[in-house]
Amino acid sequence: MFLCLKQVSLLMKGAYVLLLSAEENAKVKVGSLGEIKLAKGHYAYVGSALGRGLNLEKRVQRHKRLAETKAGCLRWHIDYLLASPSFRWREAILIESSEPLECAVSRRLEALAEAVIPKFGSSDCKNACRGHLHYLGTRPLREIRDILENLRLNLRHAAVKHP
Ligand SMILES: [Zn+2]
């Protein structure tokens with residue numbers, strides 16, 4: 001049996017960063033966290049799809065569909081933001097890896113961010129992150145994307161060096 005390119009990409013695992021923006025100051029009910037206040041501006045959320053049967057592209061597509069339709073099942077903290085009319089989907093950056101990189105990526109974003117949203121998206125985090133959602137204020141998305149692209153290259157390089 002031949003494995004076509006599409007099938008290969010469907011096996012992709014790794015971490016992802018969703019860039020979103022709040023068009024206005026918002027209050028959003030986020031599952032177990034209750035109602036949280038989120039200021040107008042850009043946000044970056046880090047998640048991962050690593051487990052058996054999980055797929056990075058499918059997970060991100062699911063998030064994007066929720067952001068576009070504002071309708072669907074709300075399962076993770078990020079889903080509440082995606083479904084909120086105050087939030088707009090900007091872009092997703094995929095970091096392909098079989099290693100758990102989400103916390104390393106999240107720490108990098110935290111260093112750039114104006115604030116971290118405590119406990120957001122980090123319920124099952126094993127690295128004591130303060131949260132996996134970062135508020136980036138008015139920092140240009142293009143700049144954030146460039147930083148993440150560099151990080152992705154560095155992480156890939158590190159993975160090759162230390163298999
Ligand atoms: Zn973490």
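User: Which residue of strand 7 stands opposite Val116?

Analyst: Strands of a sheet pair through backbone hydrogen bonds, either parallel or antiparallel. Here, Val116 faces His134 of strand 7. Strands are DSSP E runs of at least two residues, and helices are H or I runs of at least four, both numbered from the N terminus. This is a predicted model, in which local features need pLDDT of at least 70 and side-chain atom pairs count only at pLDDT 80 or more, while totals for chains, interfaces and linings use all residues. Residues are numbered from 1 along each chain as its sequence is written.

User: In which sense do strand 6 and strand 7 pair, parallel or antiparallel?

Analyst: Two strands pair if DSSP finds at least two bridges between them. Strand 6 and strand 7 have two bridges, in the antiparallel sense. Strand 7 also pairs with strand 4, again antiparallel, over four bridges, and there His42 is opposite Gly137.

User: What is the order of the strands in the open sheet?

Analyst: Its five strands follow the order 5-1-4-7-6, with antiparallel pairing. Strand 5 and strand 6 (115-116) form the edges, each pairing on one side only. Strand 1 joins strand 5 over nine bridges, with Ala15 opposite Ile95.

User: Is Phe120 buried or exposed?

Analyst: A residue is buried if 20 or more other C-beta atoms, placed from the backbone, lie within 10 Å of its own, exposed if 12 or fewer, and partly exposed in between. Phe120 is buried because 24 other C-beta atoms lie within 10 Å. Phe120 sits in the loop between strand 6 and strand 7. Leaving aside residues up to four places away in sequence, Phe120 touches Leu33, His77, Gly131, His132 and Leu133; contact requires C-beta atoms, placed from the backbone, within 7 Å.

User: How many residues does the largest nonpolar core have?

Analyst: A nonpolar core is a set of buried Ala, Val, Leu, Ile, Met, Phe, Trp, Tyr and Cys residues joined through C-beta atoms within 7 Å. The largest one has 31 residues, and Leu18 and Tyr45 are among those with the most contacts inside it. Strand 1 (14-22) and helix 5 (141-161) are among the elements that each supply at least two of its residues. Beyond four places in sequence, Leu18 touches Tyr45, His63, Ile78 and Ala92.

Notes: Contact = placed C-beta atoms within 7 Å.
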